[in-house]
Amino acid sequence: MSAAAQVDSSAGSFRDDIARARRIVVKVGSSSLTTIDGGLDEAKLIALTDVIGSHRSAGHEVILVSSGAIAAGLEPMGLKKRPRDLASQQAAAGVGQGLLMAAYTRALGRYDLVPGQVLLTADDLIRRTQYKNAQRAIDKLLALGTLPIVNENDAVATEEIRFGDNDRLAALVAHLAHADALVLLSDVDALYSGPPDQPGSRLIGRVHGPSDLDDLAIGGVGTAGTGTGGMATKVDAAIMVADSGIPAVLTSAPQAASALAGQPVGTYFAVTHRRRGTRLLWLRHLARTFGSVTIDRGAETALLSRGTSLLAAGVTSCSGDFEAGDPVEIRNLDDEVIARGMSNFSSDELPLMFRSTTEELGTRLGNDYRKEVIHRNDLVLTQVSGGR
Ligand SMILES: Nc1ncnc2c1ncn2[C@@H]1O[C@H](COP(=O)(O)OP(=O)(O)O)[C@@H](O)[C@H]1O
Ligand SMILES: N[C@@H](CCC(=O)OP(=O)(O)O)C(=O)O
């Protein structure tokens, strides 16, 4: 850690919302559960379950999102380091997930706690029917007094539908489970203004909103190389939940007990917006966009100030290759992204509609084309503070 690193004094206050959280999601990264060589480190896992066991005994509900399946599978498969190709990662996870759960079962047994494994893919959290299903499963596991342990279903996740890192998975689980707080545990004790081992990097104690991150150098994974997303995905996850009413703390696994007790350790992300609907949260933070539509000034004002739907009359051009229903970016004439939304028309259809009124479209192309290009319920503003 940099000798020059200092604690941000504004972060020194007690975090009541974390300490009092009735239901909390704790996410632990691969780097906090593995040895330097990449195998599962049972001592670290036991230390974590001690913290979780005590927190449960104190009356809090805990959902654990645990990485480590791929790392745990390396040694038994004779692999020296994390494989790069998807098929080998799937195989390693298939072997390692069982070992991971066996280790948790042993460790939690000391607290008479039974773990309940929940393996999810991105689709399970994005599609409403599956989302409800995942929500029910986690709720029931909690109601029955077990400890839900969530991971991505790596053995079957394909490149297209994969989260790849568990930070954003943890953020969505916190949202879906109506958690009161999210704690992200890693091998670094906080977010720093630059690489933590670089002299001059400063510890960031509190983040009030995305603009606090503007001047920071937030990088990828550390030297151990067992993790995936690095600091960037953790910060994305924390910003995402804070933007939907859930405060977050980012710190190291050895500081987990202090973080859960509301002590001023790590980096605290203050809530920036009340709870949002899941689909809009997904659209705002996670959805992969397939193209963009550019709109004129009048449409920009209508979207930003009046919260209207986007009509073809204000669309000047589009780019990319998208089908009806796909997420797209909405850009203004300065080429700034001001919103994201689900287009009702494909990139082949839209050029026929540019700058046309609903009336003209009905006459020229038929009634199917009278629809708005993007309905306001399928649209989130990304640039204005507190956007829908
Ligand atoms: N600005 C920063 N502040 C803190 N850590 C950073 C920063 N930039 C990059 N990192 C790196 O991110 C790493 C944590 O990410 P990762 O290895 O994916 O962890 P995990 O396995 O816990 O998810 C740290 O070890 C650290 O080296
Ligand atoms: N689902 C993967 C976790 C992906 C991963 O490495 O995430 P992380 O260590 O949290 O950055 C696994 O269990 O190996």
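His175 lies in helix α7 of this predicted model. Helices (H or I, at least four residues) and strands (E, at least two) are DSSP runs, numbered from the N terminus. His175 is buried, at a relative accessible area of 1%. Buried means under 20% relative accessible area, exposed over 50%, and partly exposed in between (1.4 Å probe, protein chains only). Not counting residues up to four places away in sequence, His175 touches Tyr131, Ser244, Ile246, Arg275, Arg276, Gly277, Thr278 and Leu281. Contact here means heavy atoms within 4.5 Å.

Residues are numbered from 1 along each chain as its sequence is written, and chains are lettered from A and ligands numbered from 1 in the order in which they are written. In this predicted model, local features need pLDDT of at least 70, side-chain atom pairs count only at pLDDT 80 or more, and totals for chains, interfaces and linings use all residues; side-chain values use heavy atoms, with hydrogens and water left out.

The axes of α7 (residues 166-176) and α8 (residues 230-242) come within 8 Å and cross at roughly 15 degrees. α7 is therefore roughly parallel to α8. Axes are lines fitted to C-alpha atoms, for helices over the stretch in contact, and angles run from 0 to 180 degrees between N-to-C directions. Angles under 35 degrees count as roughly parallel, over 145 as roughly antiparallel, 65 to 115 as roughly perpendicular and the rest as oblique. The crossing of α7 past α8 is right-handed. A crossing is right-handed if the near helix is turned clockwise from the far one by less than a right angle, and left-handed if anticlockwise. On the α7 side, Asp167, Arg168, Ala171, Leu172 and Ala174 make the contact. α8 contributes Gly230, Thr233, Lys234, Ala237, Met240 and Val241. By class, this contact of α7 with α8 has 6 nonpolar, 2 polar and 3 charged residues. Ala, Val, Leu, Ile, Met, Phe, Trp, Tyr, Cys and Pro count as nonpolar, Asp, Glu, Lys and Arg as charged, and the others, Gly among them, as polar.

The contact involves Glu42, Leu45, Ile46, Leu48 and Thr49 of α2. From α4 come Leu100, Ala103, Tyr104, Arg106, Ala107 and Leu108. The residues of this contact of α2 with α4 divide into 8 nonpolar, 1 polar and 2 charged.

Two strands pair if DSSP finds at least two bridges between them. β2 (residues 61-66) and β4 (residues 147-152) pair in the parallel sense over 2 bridges. Leu64 has Ile149 of β4 as its bridge partner.

In β9 (residues 291-295), 5 of 5 residues are buried. Gly291, Val293 and Ile295 are buried on one side, and Ser292 and Thr294 on the other. β9 pairs with β10 (residues 315-320) in the antiparallel sense over 5 bridges. Gly291 stands opposite Gly320 in β10. β9 runs parallel to β11 (residues 327-331), joined by 3 bridges, and Ser292 stands opposite Glu329 in β11. β12 (residues 337-342) and β13 run antiparallel, joined by 3 bridges. Gly341 stands opposite Leu379 in β13.

Gly362 is found in α12 (residues 358-365). Gly362 counts as buried, at 11% relative accessibility. Beyond residues up to four places away in sequence, Gly362 touches Asn367 and Arg370.
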